[in-house]
Amino acid sequence: MTIMTQHLFSLPSTLVALSFLSLYNPYAAAEPVASRQPSPLHIPLRAPRDLAKRSTNDYASIAESMRQKYGFGTTTSDDKLFAKRAATAGIGIVNQNRDASYLGTVSLGTPPQPFNVVLDTGSSDLWVASSACTSCGAQTALYDASKSSSHKSVSGTITGAQAQTTIRYGSGAVAGDVSQETASMGGFTINGQTFLQATQTTTDLLDGSMVGIMGLAWPGISSTQSTPFWKALADSGQLTTKEMGFWLTRLRGDRSAQDEDVGGVFTLGGVNSTLYKGDIEFLDIVVPSGFNSKPTFWLLEMTQVTAQGKSVSISTGSRALAAIDTGTTLIGGPSADVAAIWAAIPGTAPVSTMQGFYSFPCSTDLQITLSFGGKAWPISADDMNLGRLSTGSSQCLGGIFDLSMGSSIQSGGGNPSWVVGATFLKNVYSVYRENSDSSGSVGFAELSDAAGGSSGAPGTGKTGTKNAASKMGQTGVASLILGFIAVYISITLS
């Protein structure tokens, strides 16, 4: 879930509206509480879903949200968003019950207050809704600063008053006070972690137990001018290795799935070797020019796409940058490239009622692979097929859409042209690593049999074993994850 940011004291808003005017010293915000290096932490994820109620029309809202969060603009107006500081205006958002988000639990405060937050490699800020929130539902668990002895307010360097900011995501926006707090996840803790206490959110941004977002990208795109939690842990030497690993389950189409169900495993400080097989293919991320050689997003160059076994001609170089984003549902790309992909599949056509989307014959077994300079990774047809356009229709909605539809923003110059979300990431074990020279890499590997297997061997694009959630059902997946956690606990305590 990549962000657009705008500080309340009139800082500019661009693709990732970076603020180089510090509210305070961001690198003095995080203090480690320990120097030990525990074993990697394996955190079970919960995926909010309500699959039986989902319609293909919901993906139009998801696409609008993805366009907005990457600065491409939308096909609808959102001029009233936070037009007044005291009120919130509703805009088109991503419904968190539509297979869009994967949650982990972070605790804030002393004593700790636990919150479920989206684990998002497409943004860099940590925020949770606060007890002062004017637009949060009464059922939502809210952060209460008055109940924490470790809470600290942050003052702006210009006025000396309470620092405030607004963060705009594709799924909505939040505004509130910049603060510092003791943050913990599993066995790891950071004192003085900078975060945003959200006092305003757009309509329906919070849903179910989701109460915030934990950004897992790089400090350069943080609107709170902070060091992300994972980076603070890495800098303080608390992690065994400076890595994060994700296994995301596939529950789409499983009508037995609950509104919030098992979503996979997030490994902090290493990888989980039981969840993948073979080697992890690591690829160095791209650092856009103009960012002082510092990483921003987890950016890779999209070097090849195949459709039905044939290579598709796509843009290259700076016009092919792809943000690898665990907080995004679909795959979005530039107009010409997306059109070329669907043109390679017989019977496809643009969907007139959903800008940027294409339909294909439901009888077609879609075979799509993506490559980022190495292996060609196949995507399951279960993820590419978003369902029939309408009841009884012979045409189905495709999972790759035109991200730049209706936008005047040009690709290149560091702007990601592609957004690669869960539609792809459910098919691989993905790893996000800081290298010894402070650069970054993203790694992909085949899912192990224990994790349900990938959709085919890299480079083949053949349909194979489905994701574990599709094979085993919810009880089996829950038992599998509990087994992984039990193994981790036994190793740690022994």
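In this predicted model, the link of C133 and C136 is right-handed, with 80° about the S-S bond. The sulfur atoms of this disulfide, which joins C133 to C136, are separated by 2.1 Å, and both C133 and C136 are buried. The structure holds two disulfides, and the other joins C362 to C396, again with an S to S distance of 2.1 Å. The link of C362 and C396 is right-handed, with 110° about the S-S bond. This pair links distant parts of the chain, 34 residues apart, with C362 placed in the loop between strand 21 and strand 22 and C396 in strand 25. Both C362 and C396 are buried. Counted along the chain, the bonded cysteines follow the pattern 1-2, 3-4.

Five salt bridges are found in a search of the whole structure. In one of them, E434 pairs with K231, and the closest N and O atoms are 3.5 Å apart; E434 belongs to strand 28 and K231 to helix 2, so that distant parts of the chain, 203 residues apart, are linked. Both E434 and K231 are buried, and a network of salt bridges links K231, D235 and E434.

D383 takes part in a salt bridge with R250 at 2.8 Å, N to O. Because D383 lies in helix 4 and R250 in the loop between strand 12 and strand 13, the pair ties together parts that are 133 residues apart in sequence. D383 also forms a salt bridge with K426, where the closest N and O atoms are 3.0 Å apart. Since K426 lies in the loop between helix 5 and strand 28, this pair ties together parts that are 43 residues apart in sequence. D383 is buried, with a relative accessible area of 1%, and K426 is buried with 4%.

Technical notes:
Residues numbered from 1 in each chain as written. Predicted model: local features only at pLDDT ≥ 70, side-chain atom pairs only at ≥ 80, totals over all residues. Heavy atoms only, no water. Disulfide = S-S within 2.5 Å. Buried < 20%, exposed > 50% of the residue type's maximum accessible area, 1.4 Å probe, protein only. Helix = DSSP H or I, 4+ residues; strand = E, 2+ residues; numbered from the N terminus. Salt bridge = Lys/Arg side-chain N within 4 Å of Asp/Glu carboxyl O.
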